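Subject: Structure handover

Hello,

Here is the structure for you to look over. My notes follow below it.

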Amino acid sequence: NVCAIPDGKDFKIFTPRKNTLFTRACYSDKVHASAVRCISWCTPMGLSFEHTNLFLARVSEKALVELWGPRLRKCPPGWVMLSDRGFWDTARYYPNMNRQITPKFLSGRGQFTAEEVSADRTICKLRYTCEVAFSRVTDSDGLKDVIPASFYGMLDAMNHWGHANVNICRPLMPLN
């Protein structure tokens with residue numbers, strides 16, 4: 001009973017140099033450059049059903065899930081999310097307390113056990129659809145490479161169009 005596969009994406013943007021506060025708020029540890037961030041929720045068959053607006057990249061993925069929580073009421077009770085480690089402990093932000101299945105953490109150990117690696121490989125394979133979905137979001141030329149400052153006024157519109165494009169494309173699995 002997998003409801004969704006949430007994932008975050010950082011889109012590189014031109015580094016603004018006029019305001020140091022804005023410059024620092026744009027910095028992304030994911031891409032090691034200025035960026036804007038969104039979270040997308042897609043179904044196991046690769047269809048997008050919810051995504052955040054774009055925010056400056058210093059905001060954490062957990063903070064975005066908390067902000068978007070009320071909109072996630074559509075995730076049925078008892079259904080789980082296949083998430084990456086950044087979404088660990090976010091079930092409390094979902095109105096139906098949807099459990100997050102994430103890869104294991106090292107927690108100070110030197111390496112993972114063979115059982116943990118095997119379980120994580122299965123989770124990562126099943127999360128592949130969110131990576132394909134984000135590749136479809138970036139089919140739009142405006143969301144590729146480094147987004148120039150002249151596009152800042154259209155960023156959210158480009159993000160919404162990119163997510164609509166995910167659903168225009170063929171599903172990754174047949175609809176039952």
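Burial first: 43% of the 176 residues in the protein chain count as buried. Keep in mind that this is a predicted model. The mean pLDDT of the protein chain is 90. At least 70 is reached by 98% of the residues. Strand β2 (residues 27-28) has the highest mean pLDDT, at 97. Helix α3 (residues 114-126) has the lowest, at 78.

Overall fold

The protein chain holds 5 helices and 7 strands. Read from the N terminus, the order is β-α-β-β-β-β-α-β-β-α-α-α.

Size and packing

The C-alpha trace spans about 50 × 45 × 30 Å along its principal axes. Its radius of gyration is 17 Å. A compact globule of 176 residues would come in near 16 Å, so the two agree. Take the contacts between residues at least 6 apart in sequence: 56% of them join residues at least 24 apart.

Surface and charge

The protein chain exposes about 9800 Å². Carbon and sulfur atoms supply 58% of that area. On charge, there are 23 positive and 16 negative side chains. The centres of the two sets lie 1 Å apart.

Two threonines

Is Thr138 buried or exposed? Its relative accessibility is 17%, and the cut-off for buried is under 20%, so Thr138 counts as buried. Thr138 sits in the loop that links α4 (128-137) and α5 (155-168). Which residues does Thr138 touch, leaving out those up to four places away in sequence? They are Lys9, Phe11, Leu143 and Lys144.

Thr20 lies in helix α1, which covers residues 20-26. Its relative accessible area is 58%, and exposed means over 50%, so Thr20 is exposed.

Thr20 and Thr129 are separated by 109 residues in sequence. In space, their C-alpha atoms are 37 Å apart.

Best regards

How values were computed: Residues are numbered from 1 along each chain as its sequence is written. This is a predicted model: local features need pLDDT of at least 70, side-chain atom pairs count only at pLDDT 80 or more; totals for chains, interfaces and linings use all residues. Side-chain values use heavy atoms; hydrogens and water are left out. pLDDT is the predictor's confidence in each residue, from 0 to 100. Helices (H or I, at least four residues) and strands (E, at least two) are DSSP runs, numbered from the N terminus. The radius of gyration is taken over C-alpha atoms; the globule rule is 2.2 Å times the number of residues to the power 0.38. Buried means under 20% relative accessible area, exposed over 50%, partly exposed in between (1.4 Å probe, protein chains only). Contact means heavy atoms within 4.5 Å. Accessible areas come from the Shrake-Rupley method with a 1.4 Å probe; for residues, only the protein chains shown count as cover. Lys and Arg count as positive and Asp and Glu as negative; His and the chain ends are not counted. The place of a charge is taken as NZ of Lys, CZ of Arg, CG of Asp or CD of Glu.
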